[in-house]
Amino acid sequence: MKLNAGIITEKLQETKDFYVNKMGFGITFENEFYLLMHTPDKSSEISFLQPNHPSQKSIFQAPFTGKGVYLTIEVEHVDAVYEQIKHKGVPIEIEIRDEAWGDRHFAILDPNGIGIDIVTYTKSEE
């Protein structure tokens, strides 16, 4: 089984620009109302769909309103990714830090208001 999360958004172009130019994602498939993207290592995908498109049934019509969704992207070297993201001018919502439960992470927002937690898991100090 493979999971592909999807977000319905009117900001397809801004979303594409952000994930390609700031996050290094690639495009798996795209047409005028749908965008399927993959992580740089091609291990995961996420899709974005234009709202109210006539080809879609009602459950895939309403746009995301900007609250209640977050993504976690696990990376091998979070400090290096942090520096790359900062260098690209992406605002940092949560500065890089260590958590007692074993995360070293920072967070940003995508153009749709989706929080992205970028993390390297380390051993817990417990």
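Which residues of helix α2 are buried? I started with that, after a note on the model. I am working with a predicted model, where local features need pLDDT of at least 70, side-chain atom pairs count only at pLDDT 80 or more, and totals for chains, interfaces and linings use all residues. Residues are numbered from 1 along each chain as its sequence is written, and side-chain values use heavy atoms, with hydrogens and water left out.

**Entry 1: helix α2**

I looked up residues 78-87, and the buried ones in α2 are Val78, Val81, Tyr82 and Ile85. They sit on the same side of α2, because they cover an arc of only 105 degrees around the axis. Buried means under 20% relative accessible area, exposed over 50%, and partly exposed in between (1.4 Å probe, protein chains only). The arc is that of the directions from the helix axis to the C-beta atoms. Helices (H or I, at least four residues) and strands (E, at least two) are DSSP runs, numbered from the N terminus.

Next I checked the cover. The buried residues of α2 are covered by elements including α1 (12-22), β6 (94-98), β7 (103-109) and β8 (115-121). After α2 comes glycine 89, with a positive phi near 85 degrees.

**Entry 2: helix α1**

I repeated the search in α1. Here Leu12, Thr15, Lys16, Phe18 and Tyr19 are buried. Seen down the axis, the buried residues of α1 fall within an arc of 165 degrees, so they line one face of the helix. They pack against β2 (26-30), β3, β4, β5, β7 and β8. Glycine 24 follows α1, and its phi is positive, near 75 degrees.

I then took Tyr19 by itself. Leaving out residues up to four places away in sequence, tyrosine 19 touches Gly24, Phe25, Met37, Phe48, Leu71, Asp110 and Ile116. Contact means heavy atoms within 4.5 Å.

**Entry 3: the core**

Which residues have the most contacts inside the largest nonpolar core? I found Tyr19, Met23, Phe106, Ile108 and Ile118, in a core of 25 residues. At least two core residues come from each of α1, β3 (34-38), β4 (45-49), β5 (70-74), α2, β7 and β8. The largest share, four residues, comes from α2. A nonpolar core is a set of buried Ala, Val, Leu, Ile, Met, Phe, Trp, Tyr and Cys residues joined through side-chain atoms within 4.5 Å.

**Entry 4: the whole chain**

I counted elements. The chain has two helices and eight strands, and from the N terminus they run β-α-β-β-β-β-α-β-β-β. The C-alpha atoms fill a box of roughly 50 × 30 × 25 Å along the principal axes. Of the 126 residues, 40% are buried. Among contacts between residues at least 6 apart in sequence, 46% join residues at least 24 apart.

**Entry 5: loops**

Most residues other than glycine have a negative phi. Lysine 42 lies in the loop between β3 and β4. With a relative accessible area of 63%, lysine 42 is exposed. Asparagine 52 also has a positive phi, near 60 degrees, and is in the loop between β4 and β5.

Serine 58 is found in the loop between β4 and β5. Is serine 58 buried or exposed? I noted a relative accessible area of 62%, so serine 58 is exposed. Its C-alpha atom is 29 Å from that of glycine 26, 32 residues apart along the chain.

**Entry 6: two more residues**

Valine 75 is in the loop between β5 and α2. Valine 75 has a relative accessible area of 19%, so it counts as buried. Beyond its neighbours within four places in sequence, valine 75 is in contact with Val81, Ile118, Val119 and Thr120.

I ended on arginine 104, in strand β7. Its C-alpha atom is 5.4 Å from that of threonine 120, 16 residues apart along the chain. Not counting residues up to four places away in sequence, arginine 104 touches Val78, Asp79, Ile96, Arg97, Asp98, Ile118, Val119 and Thr120.
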